[in-house]
Amino acid sequence: MKFYERILRELKNEEHTFRTIYRHAFSFEDNIYFEQSSNLCIERVTYAQAHQNVLKLTHYIKERITSRQIIALIMPNTPLWVECFWAILQAGSKILLLSPQMPKKNIAQCLAHTGCRIILGDVCVNGCTTITPDQLIENALKGNAGVEIE
């Protein structure tokens, strides 16, 4: 039986929550989560490694952002986006998903309408704190001192 077939079968008997989906999706620790070509080599990341990234990002968010705050996730669809998505939820914050392709004016309107003042992404909006993907990688995933949220 393929791993996704097992997940689907087990999900039929469980409550359908993000917690359940996450537990099942990341239960295949040795399976490949993502791979890409880098400098003529293939870089592979397993679900276990991705889970560790989610835990580090969750810790980073919890240290800097009050629980239940709205955090805008404005990044291209990458493994970091997925890891940030799960980390925001696990940190107890609310998530506002916006496309980086949206005009900045529309992004600013969405942020103002929801009261969101924290952005994970490369978009800067007046009145908001932005944490860039590079900052997340350097400070959360590599363990250096991080950005302080006001």
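Strands E3 (70-74) and E5 (118-121) run parallel and are joined by four bridges; two strands count as paired if DSSP finds at least two bridges between them. Helices (H or I, at least four residues) and strands (E, at least two) are DSSP runs, numbered from the N terminus. The model is a predicted one, in which local features need pLDDT of at least 70 and side-chain atom pairs count only at pLDDT 80 or more, while totals for chains, interfaces and linings use all residues. Residues are numbered from 1 along each chain as its sequence is written, and side-chain values use heavy atoms, with hydrogens and water left out.

The chain passes from E3 through H4 to E4 in a right-handed β-α-β crossover; with the strands pointing away from the viewer, the path from the first strand over the helix to the second runs clockwise. Four of the five residues of E3 are buried, so this strand is largely enclosed by the rest of the structure.

The loop between H4 and E4 (94-97) contains Ser93, which is buried at a relative accessible area of 6%. Beyond residues up to four places away in sequence, Ser93 touches Ile61, Ile65, Thr66, Ser67, Arg68, Gln69, Ile71 and Ile88, contact meaning heavy atoms within 4.5 Å.

The largest nonpolar core has 28 residues; such a core is a set of buried Ala, Val, Leu, Ile, Met, Phe, Trp, Tyr and Cys residues joined through side-chain atoms within 4.5 Å. Leu57, Ile61, Leu73, Met75, Cys84, Leu120 and Leu136 touch the most other members. Two or more residues each come from H3 (47-64), E3, H4 (79-90), E5 and H6 (133-141), and H4 gives the most, with seven. Leaving aside neighbours within four places in sequence, Leu57 is in contact with Leu80, Glu83, Cys84, Ala87, Leu136, Ala140 and Leu141. A second, separate core of eleven residues includes Leu111, Ile119, Val123 and Val125.

Note on methods
Buried < 20%, exposed > 50% of the residue type's maximum accessible area, 1.4 Å probe, protein only.
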